[in-house]
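Trainee: I would like to go through this model and ask what stands behind each term we use for it. Can we start with the overall fold and work down to single contacts?

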Amino acid sequence: MSSPPPVVTIVKDEALLRSLVFAMEAHGYQVEQFGSWIAAKERSSVAEILVLDGSLPATDIEECLVLAAGKRVVLLADEDIDRVRPGRNILVLHKPLSGSDVIAALAALRSNA
């Protein structure tokens, strides 16, 4: 039996990245972690869900969302992000957040598959 596709997590803050990865792995998700979109670009094509830090440069977020068309995305926002429209495949979570917020978002996106 093959393992499910990974959740690719792109967060530039190392402490936030570690806590997110810990929470996701504790709930059985296979996680691939990156500190930048450039590092994650190649692996994002095999991802089940992308978790993006809203603190990434705006051009990185926009490029990622374009290339991730059809994928499910959790965007971790510091403030209102006008350029991103939440929808069936995109959930926006506002910081500060807890691990359970991210887990609930992942579960919601999986149920919309």
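Mentor: Five strands make up an open sheet, ordered β2-β1-β3-β4-β5, with parallel pairing. Bear in mind that this is a predicted model.

Trainee: What makes β2 and β5 the edge strands?

Mentor: Strands β2 (31-34) and β5 (90-94) each pair on one side only. From one strand to the next, the twist averages 15°.

Trainee: How do you know that β3 and β4 are paired?

Mentor: Two strands count as paired when there are at least two bridges between them. Strand β3 (residues 49-53) and β4 have five bridges, in the parallel sense, so they meet that definition. At one of these positions, Ile49 has Arg72 in β4 as its bridge partner.

Trainee: Which strands does helix α1 lie across?

Mentor: Helix α1 (residues 14-26) lies across β1 (7-10), β2, β3 and β4, and runs at about 175° to β2.

Trainee: What does the side chain of Arg72 reach?

Mentor: The Arg72 side chain reaches the backbone oxygen of Leu109, at 3.2 Å.

Trainee: Why is the pair of Arg72 and Glu48 called a salt bridge?

Mentor: The limit is 4 Å between a side-chain nitrogen of Lys or Arg and a carboxyl oxygen of Asp or Glu. For Arg72 and Glu48 the N to O distance is 3.8 Å, so the pair qualifies as a salt bridge. Arg72 lies in strand β4 and Glu48 in the loop between α2 (37-44) and β3, so the pair ties together parts 24 residues apart in sequence. Glu48 is buried too, since its relative accessible area is 13%.

Trainee: Which other residue forms a salt bridge with Glu48?

Mentor: Arg110 does, with the closest N and O atoms 2.9 Å apart. Arg110 belongs to helix α4 (residues 99-111) while Glu48 is in the loop between α2 and β3, so this pair ties together parts 62 residues apart in sequence. Arg110 has 33% relative accessibility and therefore counts as partly exposed.

Trainee: How many salt bridges does a search of the whole structure find?

Mentor: The search finds six salt bridges. One of them joins Asp78 and Lys95, whose closest N and O atoms are 3.2 Å apart. Asp78 is in the loop between β4 and β5 and Lys95 in the loop between β5 and α4, so the pair ties together parts 17 residues apart in sequence. Asp78, at 43% relative accessibility, counts as partly exposed. Lys95 is partly exposed as well, with a relative accessible area of 22%.

Trainee: What makes Glu48, Arg72 and Arg110 one network?

Mentor: They are joined by salt bridges that share partners. Glu48 pairs with Arg72, and Glu48 also pairs with Arg110.

Trainee: A last one: why is Ser44 called buried or exposed?

Mentor: Ser44 has 9% relative accessibility, so Ser44 counts as buried. Its place is in helix α2. Beyond its neighbours within four places in sequence, Ser44 is in contact with Val8, Trp37, Leu50 and Lys71.

Note on methods:
Residues numbered from 1 in each chain as written. Predicted model: local features only at pLDDT ≥ 70, side-chain atom pairs only at ≥ 80, totals over all residues. Heavy atoms only, no water. Polar contact = N/O pair within 3.5 Å; in protein donor to acceptor, adjacent residues only side chain to side chain. Helix = DSSP H or I, 4+ residues; strand = E, 2+ residues; numbered from the N terminus. Axes fitted to C-alpha atoms, helices over the stretch in contact; angles between N-to-C directions. Contact = heavy atoms within 4.5 Å. Buried < 20%, exposed > 50% of the residue type's maximum accessible area, 1.4 Å probe, protein only.
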